[in-house]
Amino acid sequence: MRRIPALLITLAVIVALVVVTRTRPDDEVPVFADVQQSWMPSVSQRPAPTNWFCPGVPAEGEGRGGEVVIANTTAGVLRGRYSVLAEDGEQVSERIIIEPGARLDIDVDETADSAYASVVVELDHGGGIVEQRAVDPDGDSLAGCSTTASAQWYLADGFTEDDSVNELVLSNPYDTDAVVNLGIVTDEGARTPGEYQGFPVRARSVAVIDVADLGAQSEPIVAASVTASRGRVVLGRAQQFAGRERGGFTMTLAAPAMSDQWWFTIGERTEGVIEEYRLFNPTESDLEVAAAVLGVPPSGAFSGLATIDVPAGEVTAFAAGEVEGLPEGQHAFVFSTVEQPGIIVERVLTRTGSRGRATSVSLGGLARPDGFVANNWYLGTSPLEETTDAITIYNTANSEAMVEVRTLGPGGFAIVRGLDRIRVPPGGVVSTDFIQERALGRTLLVSATTPVFVERQIPRDGPLGGTSTAWAIPLDA
Amino acid sequence: MESEASIAPPVVAVVVVHDPGVWFDETVASMAAQDYPNLRLVFLITGAEDEVVVARVSDTISRHAGDAFVTLFEGNPGYGPAANEVQRLVEGDSGFFLLCHDDVALDRDAVTRLVEELYRSNAGIVGPKLVEWDRPASLQHVGLSLDRFGEIDPIVEADEVDQEQHDAVQDVFVVPSACLLVRADLFRTIGGFDAAVDYHGDDVDLCWRAHFSGARVLVVPAARVRHRERLEERRPDLNHRVLRAHHRMRSVATLTGLSRLPLRSVEMVALTLAEMVVGVFTGRFPEAWASMRALVGLIPRTPWLLARRRAVAKLRTIPEPELLDLQVRGSSRLSSYLRTRDTMTYVGADSTVRRWRATSTAPTLAWLAVIAAVVIGSRTFISRGVPAIGEFLPFPESPGALMAQFRSGWNPDGLGATSPNPTGWAAISLLSVGTLFHMGLAHTVAVIGLVLAGILGAARVGTVFPSTRARLASFVVYGAVPLVSGMLAQGRWTGLVAYAAVPWFVHLLRRAAGIGTADPRLVVLDLVDGLARLTWRDRVRYFAYLGLVAALAAAFAPVVALLLGAVGVVLAVATLLAGGSWRTSLWLSAGTLVAMILAVGLNLPWSTTWTWDTLTLARTGGPEGRGLVDIATFGLSDQPLAVLAIALYVSLLGALVLGRAWRLTWAVRAAMLVVAFGSLAVLADRGTLSMRLPDVSVLLVPVALGLALGAAAVMAAFDLDVRGGGFGWRQPAGVLANVAVVVGVIPGLVAVGDGAWSTPDRSTPSLLGSQLPDETTDGDYRVLFLGDPRLLPVPAQELTEGVGYAVVDDDPLDVRDRWVAPDTDADNRLRLVLDLLADGDTLRAGQLMAPLGIRYIVVPRTDDSESTSEDPLPVPGGLLESLEDQLDLALTFSPPSAEVFENRSAMPTGAQLTGETAEASGAENINGLVGADLTQAEPVFVGADATEITSDDLTTGVMHLATSFDERWELRGGSGPTLDPRNGFGVTNAWDVAGDAVGERPATLRYATDTSRSVLLLVVAGLWLATLLATSRARNPLRRRRHVSEDATLIALGSDGDNVALDELLAHETHGGWIDDVLDERGDETVDQRDGRTF
């Protein structure tokens, strides 16, 4: 009888193991770091070092140049280092100390002698704001700097008609050479120019590629994608428009990732304004994208919604005017798709003024992947002169937002009278003029009681006038 | 008609008497009762100064043999010298001397039989069959064989029952002096016994010289004599071991032919040395030590020995080769040892018997096959060395340096720490002695030897089964399970250590618990275990053995000690489950506990650093995903036909179903090992257990042993419980279970073919060796491995679940890197940096790691073993991205198997800091380090080692040593003073080198080991020695001396072992009588009775 217990235990364990192991446990990939999905450049509050990679500014040529602005929004001293990268490599690398509430302007073209130069700013903790202003005889262009480098970059817009210049500025901020593959998409389809496959971008340097050299001359649509097979880079795009449809100069940061939603707060149906969106689908699947007009309640024939088909690997242009019944005035847009990983959407806003046609190209804004939309947005650079519709705020909440604008000084942020009680209705869009002196040429903080998107327009210097649009920089929660 | 007495040749029986016991009555009576008609008795009584004894003995003699002659000696000259007196006391050569001890009892016809055979065979000396005094059915001696080294080979085994198996008259080399009949003329010719040989070896010397003269020496079993043979009890004052060795050596030195003597001398030295070594492990060290003493003792006696040689040379009448033919070839001691292995002690319900084992060539053939399979399977390992895969990291080139590092108080692993170094370093260093300090060979031996040791251990466990087939099954199955090839393929040295240790542990544990080999003749009884009674001394010896096995295993892989503990607990529980006694279970538990304690104690002080984290593996991220079948078939690697190993589980179940009595008990123990450790392995594989666990190969070792024991049990059950029974379900089930065993070993046979156990062609260490620079121009550096713990070439510290890291220096990886130094502040700093990296809180991780000397960061992708290019393990999420994010880490051109990042901010391990870098080293913490200028660092003290003094030129600034801070690192400036150390960068060593410290001479750097460590190591070495002694059968010499000194009467018995001059003794002869003409007269009338006493 003494065999029975042992036999039962043995059989029971065998059976139990067989039963337990009938289902294979899910494979789990161990995680070293929770890599955040791409978001738009943001200001971190963490006491951790942050990098800012600026897409590049012109650094040689008459009337060309640029500067990088670093603002310290914290109550403590901000230490760090900036490096200027040019086509010949690193030009300068200096340590910096920024006092509380102070701002540092780096004149890039003074330290670099290169068609384009980019700046890398390393800050020893969060609370810094870095953005760049590119200067061209055809006008200034304000752009944010990225807080991450990436192995993937996308540009939905591109325009080389009428001898317009479209240049890709690839910055490699790392100590390792990067190797990238370029692809472009025109009306004739996607191409991967052979000479730009395995294209090297030397460590700590900038490489400039004229899109025309990729075989995309006189193209009304030239989307581009950059994939690094080794290392990571930062991609910027300089466009100098010379045609009848577009005018002026823009320097913008590319998108490091696709997204299923893209937000735009500045939209206007007015005489002399051409509002167009470029939707780039780099995936291998056709996409259906919903374009929703925000800030204007549906009424009558205006449904506020349009559907756009974006075939795989193609770019679709969508004019706001195509939305049936879209009323005159301001509006916002959101483009969304249910398909992952999504698309790339850029807005091309061309205003025709008394001095000519000025085009501004902007990538859409993003909610953070977890759905977070900031209440607080920084403007590292505000208009130097009185500006109409200097900031445009879209209230994403179903309740009214109370917005105030504060200016940063040595004593911290101070309220700007006249800009301290801006009401934004639920789902509404409101633009505010900057006429207060305390709001001009300062680092500003736009605080709302609800989650909002904030875009700004800054008057351009130059013969064409007009404004340059750029996103304010959200504060990461 | 002549009387019978007048026809029979005269025999004078000489009995040397020394304070006999009550048995002497029987001795005298047996002498007096002899049926031989012409026998005279002479009693030579020693110790005549003790009148009481003399009176008692005389009384006994007179009661039984009133006509006997008695002669008294003062003191105790020993048997031989006393017996030699017969030459003086008896005149004439045409008779025989019957020389006897005082503790023999002759059968009535013994003398008659001896004389008859001596005549019949024309022999010179004849001896009877000696049987035990109290147990006449047990043989004691039927003559003795002798090898060329003077070692006696007792022809019969201890306790061998007299079944007339030796009852043929035969030539032997020696007959014991207890009772022998010798021709009187021969005895006189060869000079009787050698007077210098007392108590032991007198018969050997006598018979050897008899052979010289051409006389035959025979044993006559028809003549039977009972013999007490308890000299050691009667003379506890003598060192019998030494006497035996001394006289043995003396006989060889004086009686070996001149032409053979040089070679024999060399052989004696070699044999004695080998005996010393083997004696340590077999409990025969005292004998070996006695041999050594005797050997050395011959040297000062050379003149005397030469004189003796000249004297005995005259006796030689036959050539030396003829004499050699009479001696046993080889070593009797070895023959005796091997012969004892042919017998076995079987334990019954209430008896213990020793019987011949069933003889078979099968075990020999099986062993040859197993060894051939291991050698053939490892042929590439043997010819090219063991590849540096997994844990098979090569041994360092210099065993001396390894030992020096062991003795040092500094552990250089990782970022370095003042810490006890692993006992394994000393063990490896000592192991190299066996390979003549050839470390490559030692490495190969250490790997392949572990396999063979494991199989041998399984064979020893198998001895618990009395069936040859069962014993075969135990080690063949254990050697053939796919676990072996899997561990060799993936370089799992820890697993191999467990593989070697577990069977030995189980074997010794069952011996310690008294579980012996059950008597196979007790088939009908439900004997749960064959339980033998152990003495406390035996118990202690086995406990010491257990401790040694556990400690040795732990010296190389501490986790194995834990495993052994778990195995012991499972066996204890299984014993109760099988219906065994609680006492057995307790002994199993006690043995396990003692082994664990000794494992820790013998590995002191290193064992103080053991923690669960250092003993176990870093966790993998989620399940390993092998699945039940792979685990059950030991599928560590893709081995063909491994699935057939499933059949072994069938045999295990068969053992549970078919076994009875102790077969069932062992089947239950085997099943519990399989169930307990198999379940653990499966749950660990599925990631069900969140705790850190040993490697799966370690967990599977008890499973393998369980299956081996199961196979053995089913074989034994088939032999004893199934075969021969009435036909029923048991027969086919038994056949099926037997077939399952055969099927189960097929994977092991298949694995042999590869020759290299399917190890990958290239290993991570070799790839890195070609990838990372070895020039010293940039100074020393460290490499940080980061990634899946399974792919790191050295044991990983766990960072997060599934992510491990390890730091090594720029020397080629070797076995020292397998042991992790305890955590220090420097380790905490590194973890902080890695946390910052993981959290995205730094972009200059290289800068933060620079003070730690880390120049390269390696993220392994594949190792062609756990992770192949076809089926790679994923790189931990976000790892490469985080590293790529760092501005000062440059991805270099890496092999496909790994991503290698170079730290562009790296500082040399030993660096002279100047300017801002020197200032930065004063920082207490990590803050501000990112912005610091670390470029002003020049390499110094390249190759600095804690075991030696290194010198280099220094300038004013800061000397930085990228090891965890420790004041025992001493920097002496060129001008002489020892500089005060301080924390560098908060965690490392730094010295401010002022101008006045820079002299013309180079500065020196050294590590000053604490003297207390040396003392502690000596203590632990003493512990090892004590444990080794405890495993031997050596007795405490102090105890013997104490005993003698306390018992004065024992000493008074004799003359302290020295020979007493016979002339002197005879001067005190009280009898003074002569029987000169006894032999010639053939009568008793001539006996002189001068003192008027009647005997």
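## Cysteine pairs

One disulfide is found over all chains when the whole structure is searched. The model is predicted. The bonded cysteines are C54(A) and C145(A), with their sulfur atoms 2.1 Å apart. The link between C54(A) and C145(A) is right-handed, with 95° about the S-S bond.

The cut-off for a disulfide is a pair of cysteine sulfur atoms within 2.5 Å. For C179(B), the closest cysteine sulfur is in turn that of C100(B), at 3.7 Å.

| Residue | Relative accessible area | Class |
|---|---|---|
| C54(A) | 2% | buried |
| C145(A) | 1% | buried |
| C100(B) | 0% | buried |
| C179(B) | 0% | buried |

## Helices α31 and α32 of chain B

Two packed helices are described by the angle between their axes and the distance between the axes. For helix α31 (residues 696–722) and helix α32 (residues 730–744) of chain B, the axes come within 10 Å and cross at roughly 150°. Angles over 145 degrees count as roughly antiparallel, so α31(B) is roughly antiparallel to α32(B). The crossing of α31(B) past α32(B) is left-handed.

From α31(B), the contact is made by A711(B), V714(B), M715(B), F718(B), D721(B) and V722(B). From α32(B), R730(B), Q731(B), G734(B), V735(B), A737(B), N738(B) and V741(B) take part. By class, the contact of α31(B) with α32(B) has eight nonpolar, three polar and two charged residues.

## Surroundings of L114(B)

L114(B) belongs to helix α6 (residues 110–121) of chain B. The residue L114(B) is buried, at a relative accessible area of 0%. Apart from neighbours within four places in sequence, L114(B) is in contact with L98(B), V126(B), G127(B), P128(B), L181(B), V220(B) and A223(B). E233(B) is 119 residues from L114(B) along the chain, and the C-alpha atoms of L114(B) and E233(B) are separated by 29 Å.

Notes: Residues numbered from 1 in each chain as written. Chains lettered and ligands numbered in written order. Predicted model: local features only at pLDDT ≥ 70, side-chain atom pairs only at ≥ 80, totals over all residues. Heavy atoms only, no water. Buried < 20%, exposed > 50% of the residue type's maximum accessible area, 1.4 Å probe, protein only. Axes fitted to C-alpha atoms, helices over the stretch in contact; angles between N-to-C directions. Helix = DSSP H or I, 4+ residues; strand = E, 2+ residues; numbered from the N terminus. Parallel < 35°, antiparallel > 145°, perpendicular 65-115°, else oblique. Left-handed = near helix turned anticlockwise from the far one by under 90°. Contact = heavy atoms within 4.5 Å. Nonpolar A, V, L, I, M, F, W, Y, C, P; charged D, E, K, R; others polar.
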